Amino acid sequence: MSKEPATGSLIDGFSRRIDYLRVSVTDRCDLRCSYCLPKDFKGFETPANWLRHEEMLRLVGLFVRLGVSKVRLTGGEPLLRRGVIGLAAQIAAMPGLRDLSVSTNGTQLARHARELRAAGVTRLNISLDTLDAAAFSRITGRDCLESVLAGLAAAREAGFAPIKLNSVVHAATPEGEVRRLLDYAMVQGFVLRLIEPMPMGECGRGFAHTDLNVLGARLASQAGLIPALAASGSGPARYWSGGHGAPVLGVITPMSQHFCATCNRVRLGVDGTLYLCLGQEDRVPLGQWLRDGASDAELTQAILAGIAAKPERHEFVTRPERIIRFMAQTGG
Ligand code: SAM
């Protein structure tokens, strides 16, 4: 591996330090959430183009060497990728990595929670939009709310804390459903985060957003929560907390109040494409160059050049038609 440049070099053209890499380990998913993937989607990456584990480790290792300290495994549904636990363990063991997290829909979590924890995964985000079984089937295309709830219980039993529930809330989401989720999260000790739908792919464009700052403030006040000042860390969520001070409710508002000025992340697709912004087409075909025989030094230079050209911000509001790839293709 090349010796230069060293840790801390990942500063983009807008003085943002990039220290967070999201890695899509598969673009396949066992759910078809209405705002994420069309029911009859056929455009999945061919398996021959999926990075093999050793290829993923090589690219992730280069990012970590350049100063990335946080990695999230995502997808598609990451727990569908064969061997993902071993992959997680190898990433967790990389010197310099401080935080390895996983985003999951929870359907496979009851089987895997314990081994994910043992592998060194520090945090879990679990997607859950409703506690109503019929609404869950409608939104996800599968009748498996019970498996997700079993997965959540297993995650807590395995010792994950905090556990964040990610919930896409759009203009037509019944407020009572969101309140029910908040009550559930508060009883279970989970953190509920409400997310505005982004116009990614044609199905993402089918959902109008509502300003979740407003809904969050209303729900927080009804539940006796107060704004949390410094609880959000470097992430995009704004939080409300309970009496103990820990965050309980958060909102992520890419549409009504974007947070691009503090963006600290880039994404690696399942084929090794580096996406520099969720809401722009700028990308670097790292996986292809790796397979063409690029050296670590050449890949490092390509990463640095990509980061230097990271777009200032998304254009989801002004140009909603722009991003034709679906969320599951980029890695959520
Ligand atoms: N399968 C995993 C999961 O369910 O968390 C990881 C991938 S999923 C694409 C990551 C997150 O993206 C989920 O919370 C999902 O709800 C969210 N998501 C998908 N499409 C979205 C969209 N158009 N706008 C906002 N969030 C979206």
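Okay, let's start with two helices: the axes of α1 (residues 53-65) and α10 (residues 296-308) come within 10 Å and cross at roughly 60°. That makes α1 oblique to α10, where angles under 35 degrees count as roughly parallel, over 145 as roughly antiparallel, 65 to 115 as roughly perpendicular and the rest as oblique. The axes here are lines fitted to C-alpha atoms, for helices over the stretch in contact, with angles running from 0 to 180 degrees between N-to-C directions.

Before I go on, this is a predicted model, so local features need pLDDT of at least 70 and side-chain atom pairs count only at pLDDT 80 or more, while totals for chains, interfaces and linings use all residues. Residues are numbered from 1 along each chain as its sequence is written, and side-chain values use heavy atoms, with hydrogens and water left out. Helices (H or I, at least four residues) and strands (E, at least two) are DSSP runs, numbered from the N terminus.

Back to our pair. α1 passes α10 in a right-handed crossing, meaning that the near helix is turned clockwise from the far one by less than a right angle. On the α1 side the contact is made by R58, L59, L62 and F63, and on the α10 side by D296, L299, T300 and I303; contact means heavy atoms within 4.5 Å. Sorted by class, that gives five nonpolar, one polar and two charged residues. For the classes, Ala, Val, Leu, Ile, Met, Phe, Trp, Tyr, Cys and Pro count as nonpolar, Asp, Glu, Lys and Arg as charged, and the others, Gly among them, as polar.

Now, a second pair. How do α2 and α3 lie relative to each other? The axes of α2 (residues 84-92) and α3 come within 8 Å and cross at roughly 25°, and the two helices are therefore roughly parallel. This crossing is right-handed. I85, A88, A89 and A92 of α2 meet H112, E115, L116 and A119 of α3, and those residues divide into six nonpolar, one polar and one charged.

α3 also packs against α5, at an angle of about 15° with the axes 8 Å apart. That makes α3 roughly parallel to α5, and α3 passes α5 in a right-handed crossing. From α3 we have L109, A110, A113 and R114, and from α5 we have A150, G151, A154, A155 and E157. By class, this contact has six nonpolar, one polar and two charged residues.

Let's stay with α5 for a moment. α5 has 13 residues and reaches 19 Å from its first C-alpha to its last, close to the 18 Å expected at 1.5 Å a residue; the expected span is 1.5 Å times one less than the number of residues. Which residues of α5 are buried? They are L145, V148, G151, L152, A154 and A155, with buried meaning under 20% relative accessible area, exposed over 50%, and partly exposed in between (1.4 Å probe, protein chains only). What covers them includes α3 (109-119), β4 (123-127), α4 (133-140), β5 and α6 (175-188).

Just after α5, G159 takes a positive phi of about 100°. Then, in the loop between α5 (145-157) and β5 (163-168), we find P162. The peptide bond from A161 to P162 is cis, with omega near -5°. For background, most residues other than glycine have a negative phi, and most peptide bonds are trans. S15 has a positive phi too, near 65°, and is not a glycine. S15 sits in the segment before β1 (20-26) and counts as exposed, at 65% relative accessibility.

Y20 is in strand β1 and counts as buried at 5% relative accessibility. Y20 and R265 are 245 residues apart in sequence, yet 4.6 Å apart in space, C-alpha to C-alpha. Leaving out residues up to four places away in sequence, Y20 touches V68, K70, V71, R72, S101, N264, R265 and V266.

Next, S241 is in strand β8 (residues 238-241), and at 4% relative accessibility S241 counts as buried. With that sequence cut-off of four places, S241 touches L225, I226, A228, A246, P247 and V248.

Last one: F316, in the loop between α10 and α11 (327-330). Is F316 buried or exposed? F316 is buried, with a relative accessible area of 2%. Not counting residues up to four places away in sequence, F316 touches M198, P199, M200, M255, L278, G279 and I323.
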